[in-house]
Amino acid sequence: MPLGRLTDKEQWTLRGGSLLRRVLVCVVGEVITSLGIAILLIGHAGVDPYTAFLQGVAHLSGLSFAVVVPIVNILLLVVVPFDRTIFGLGTVLNFTMVGVLVDFFQAVYAEYFTFTYTIAGMLVCLLIGMSLFSLGVSMYITCDLGQGPY
């Protein structure tokens, strides 16, 4: 988005296609995505390949998921050559929000709920977690504010 469009008053309303509305939908999408990832991780129901990679890095390094996500994403952004035009505000929101929110939701879940590892429990976590993950990612992608790893 050209910088001149940021000063346009229409971009700071909640009308369809405005920047403010797209950013709000993107943030809500990231929250829903993070909740879905947390439920999938708690239920040992599996996650997308990139989250599995980040979980492995967190496990091997001893760092929390919230710390690993931005570090790995920034390293990949610097090291891997790709089209820089796909980088945007949504990319930065993804880098900074997902790891922190996943750790937060896992802590909240552990505080208030107990999970028994059964096939039925894992299937429920898979159904709920994947539905939330898919909804959140679709909201994030629809905003067209930059690409993430999904």
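The crossing of helices α2 and α3 is right-handed. This comes from a predicted model.

**α2 with α3**

- Helix α2 covers residues 49-61, and helix α3 covers residues 65-79.
- The two pack at an angle of about 115°, and their axes lie 9 Å apart.
- Angles of 65 to 115 degrees count as roughly perpendicular, so α2 is roughly perpendicular to α3.
- On the α2 side, the contact is made by Tyr50, Thr51, Phe53, Leu54, Gln55, Val57, Ala58 and Ser61.
- On the α3 side, Phe65, Val68, Val69, Val72, Asn73 and Leu76 take part.
- By class, the residues of this contact are ten nonpolar and four polar, with no charged residue.

**α1 with α5**

- Helix α1 runs over residues 19-42, and helix α5 over residues 119-142.
- Their packing angle is about 160°, with 7 Å between the axes.
- Angles over 145 degrees count as roughly antiparallel, so α1 is roughly antiparallel to α5.
- From α1, the contact draws on Val25, Cys26, Val28, Gly29, Glu30, Ile32, Thr33, Leu35, Gly36, Ile37, Ile39 and Leu40.
- From α5, it draws on Cys125, Leu126, Ile128, Gly129, Met130, Leu132, Phe133, Leu135, Gly136, Val137, Met139 and Tyr140.
- The contact of α1 with α5 divides into 18 nonpolar residues, five polar and one charged.

Definitions and conventions. Residues are numbered from 1 along each chain as its sequence is written. This is a predicted model: local features need pLDDT of at least 70, side-chain atom pairs count only at pLDDT 80 or more; totals for chains, interfaces and linings use all residues. Side-chain values use heavy atoms; hydrogens and water are left out. Axes are lines fitted to C-alpha atoms, for helices over the stretch in contact, and angles run from 0 to 180 degrees between N-to-C directions. Helices (H or I, at least four residues) and strands (E, at least two) are DSSP runs, numbered from the N terminus. Angles under 35 degrees count as roughly parallel, over 145 as roughly antiparallel, 65 to 115 as roughly perpendicular and the rest as oblique. A crossing is left-handed if the near helix is turned anticlockwise from the far one by less than a right angle, and right-handed if clockwise. Contact means heavy atoms within 4.5 Å. Ala, Val, Leu, Ile, Met, Phe, Trp, Tyr, Cys and Pro count as nonpolar, Asp, Glu, Lys and Arg as charged, and the others, Gly among them, as polar.
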